[in-house]
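Please look through the side-chain contacts in this structure with me before we discuss it. My notes follow as numbered points, starting with the charged pairs.

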Amino acid sequence: MTYRQFTGGGSLRARVTATALAAALTPLALTLCAPAAHAATAAAPYDFNGDGRVDLAIGAPGATVGGQAKAGAVSVVYGSSTGLKTSTRTLITQNTAGVPGAAEAEDAFGSAVTSADLNTDGYADLLIGAPGEDVDGDTNDGTVVVIWGSASGLSGARSVPNPNDTDLDRYGQSVAAGDVEADGDLDIVVGSNGPIGLTFINGPFTRTSSFQGATGQSFADEYSTSYGITSVSVGHVTASWQTNLVLHGRRGGTDDAITHLVTDPSIGNYTDWWQELPAGYVSAIGDIDKDGYADIAIGNERETSADPAGAKGGKVTVVYGGPAGLNPDRAPLVLTQDTPQIPGAAESGDRFGSHVFLGDINGDGYADLAVGASGENAGAGAVTVLYGSATGLRTTGVQSFTQNTTGVPGTSESNDRFGARVLLADHSGDHRAELTVSATGENGDGAIWSLRGATGGVTTSGAASFGPGTTGVSTAGSPGYGAALNS
């Protein structure tokens with residue numbers, strides 16, 4: 001593997017300097033809820049105003065902005081005691097005051113989002129990828145921006161540097177954050193294509209100081225450089241390392257999925273230490289059996305004719321964790337719609353596993369699994385929910401939801417793609433995750449559904465839905481509203 005390290009010194013073109021990286025800040029123009037009390041410790045991801053509730057970031061990378069097609073936008077809807085509250089929201093584009101750059105056609109701003117309290121001020125910050133951004137004449141070079149959290153919500157922004165810009169493209173197609181170096185400071189992880197698949201921007205971060213250098217990692221021996229690192233999940237899987245990465249891309253020379261668990265992201269040759277996982281395109285990390293070791297759910301929506309690791313109608317593989325990463329004493333659990341007690345039947349094109357997420361819906365301390373099947377029923381889409389237990393993921397008591405489910409707003413229609421993205425997060429602060437679902441094809445624009453969590457599981461009582469117009473996103477063209485949700 002080729003490994004390069006970039007710091008603040010040296011004569012490399014990728015040199016990172018205080019002058020180049022310090023950015024003047026201008027407050028964003030936002031519609032926000034009342035200020036919350038300042039938190040004494042670092043905020044949880046996506047708690048932008050420090051009120052203890054998870055807020056929702058919705059990517060619409062195909063949105064038209066200022067007449068520029070597919071410039072992209074991100075809507076943020078804030079949590080409240082009753083769940084998501086669309087009256088307290090903000091819209092962020094590259095035409096928003098204070099956001100670096102300008103909205104241009106094909107920027108795809110909002111293709112990826114992630115969150116962490118980067119400056120540990122008690123308010124989570126938002127990272128947004130725009131992989132289609134042209135930089136200094138380099139088409140699709142890509143960019144990432146950070147929007148800072150505050151007591152009144154998101155305010156102020158700066159660019160995240162790309163020190164390897166001549167060695168990659170589509171910087172920002174995937175974004176994550178975690179303490180990769182195990183030094184107590186959060187780092188930013190940015191995926192791209194080309195020879196450098198991942199860039200690590202080293203913390204600590206503040207609103208105005210220079211960045212602390214960066215490293216770049218090549219995966220060209222394993223991963224196709226044409227696709228690069230398409231998705232990154234972050235979590236605490238191994239006993240010896242606080243932050244582990246799950247990487248997704250395509251195997252070199254093919255377009256078949258390839259997935260790895262990085263057990264020690266701090267070392268330059270960590271490809272010597274990684275563990276190959278069942279191949280898929282998306283993943284989620286959480287402790288399903290509450291044994292203290294995180295487990296990994298991997299979605300592969302493709303047919304075997306397109307990807308040998310796929311399955312008819314798609315599949316999800318759950319890999320149980322142990323002290324060293326994968327638990328060798330437990331066989332992976334493979335789920336399809338032909339698995340006994342899983343609703344439906346495996347049919348070509350269902351895309352079961354188009355997205356996955358782990359969170360605690362019923363408040364029992366076990367992570368539960370939401371699975372999107374965005375191709376179900378001619379693309380109308382469906383979501384399946386399975387529950388965690390001391391013995392692992394249960395295939396009893398499974399729930400299934402479509403737009404035809406009683407209490408779910410709307411009607412299932414071809415190509416709605418309900419389940420394109422799923423999320424389990426506590427927007428109300430009741431210690432039970434709501435199920436949030438996007439349908440990127442709804443009415444040609446996309447839409448969001450929110451279903452409350454309860455002790456008995458997901459309930460459709462009080463279910464809500466809203467589309468791009470509610471949060472200020474233009475419906476010109478195909479905005480792809482909900483193509484990204486909280487990662």
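1. Aspartate 289 and arginine 330 form a salt bridge in which the closest N and O atoms are 2.4 Å apart, a salt bridge being a side-chain nitrogen of Lys or Arg within 4 Å of a carboxyl oxygen of Asp or Glu. Aspartate 289 lies in the loop between β17 (282-286) and β18 (295-300) and arginine 330 in the loop between β21 (325-326) and β22, so this pair ties together parts that are 41 residues apart in sequence. Helices (H or I, at least four residues) and strands (E, at least two) are DSSP runs, numbered from the N terminus. Aspartate 289 is buried, with a relative accessible area of 6%, whereas arginine 330, at 25%, counts as partly exposed; buried means under 20% relative accessible area, exposed over 50% and partly exposed in between (1.4 Å probe, protein chains only).

2. Please keep in mind that this is a predicted model, in which local features need pLDDT of at least 70 and side-chain atom pairs count only at pLDDT 80 or more, while totals for chains, interfaces and linings use all residues. Residues are numbered from 1 along each chain as its sequence is written, and side-chain values use heavy atoms, with hydrogens and water left out.

3. How many salt bridges does the count come to? The count comes to nine salt bridges, and one of them joins glutamate 301 to arginine 351, with the closest N and O atoms 2.9 Å apart. Because glutamate 301 lies in the loop between β18 and β19 (315-319) and arginine 351 in the loop between β22 and β23, the pair ties together parts that are 50 residues apart in sequence. Arginine 351 counts as partly exposed, at 32% relative accessibility.

4. Aspartate 430 and arginine 452 also meet through their side chains in a salt bridge, at 3.4 Å from N to O. This pair links distant parts of the chain, with aspartate 430 in the loop between β27 (418-425) and β28 (434-439) and arginine 452 in strand β29 (residues 447-454), 22 residues apart. Aspartate 430 counts as partly exposed at 22% relative accessibility, and arginine 452 counts as partly exposed at 23%. Salt bridges that share partners join Asp430, Arg432, Glu434 and Arg452 into one network.

5. Threonine 440 lies in the loop between β28 and β29 and is buried, with a relative accessible area of 13%. Its side chain makes a polar contact of 3.2 Å with the side chain of arginine 417; a polar contact is a pair of N or O atoms within 3.5 Å, where within protein one must be able to donate a hydrogen and the other to accept it, and residues adjacent in sequence count only if both atoms are side-chain atoms. Not counting residues up to four places away in sequence, threonine 440 touches residues including Asp416, Arg417, Gly480 and Tyr481, contact meaning heavy atoms within 4.5 Å.

6. Glutamine 337 is found in the loop between β22 (333-335) and β23 (352-359), and at 5% relative accessibility glutamine 337 counts as buried. Its side chain reaches the backbone oxygen of proline 343 at 3.5 Å, and a polar contact of 3.4 Å joins the side chains of glutamine 337 and glutamate 376. Leaving aside neighbours within four places in sequence, glutamine 337 is in contact with residues among them Ile342, Asp350 and Phe352.

7. A search of the whole structure finds six aromatic pairs, where rings of Phe, Tyr and Trp (its six-membered ring) pair if their centres lie within 6.5 Å, and planes under 30 degrees apart count as stacked, over 60 as edge-to-face and the rest as tilted. Tyrosine 46 and phenylalanine 48 form an edge-to-face pair, at 5.9 Å centre to centre and 70 degrees between the planes. Tyrosine 46 counts as buried at 3% relative accessibility, and phenylalanine 48 counts as buried at 0%. The rings of phenylalanine 219 and tryptophan 274 have their centres 5.8 Å apart and their planes at 15 degrees, so that pair is stacked. Phenylalanine 219 and tryptophan 274 are both buried, and Phe219, Tyr223 and Trp274 form one aromatic cluster.

8. Finally, arginine 250 lies over the face of tyrosine 227, at 4.5 Å from the ring centre, and lysine 290 lies over the face of tyrosine 366, at 4.3 Å from the ring centre. A charge sits over a ring if NZ of Lys or CZ of Arg is within 6 Å of the ring centre and within 35 degrees of the ring normal.
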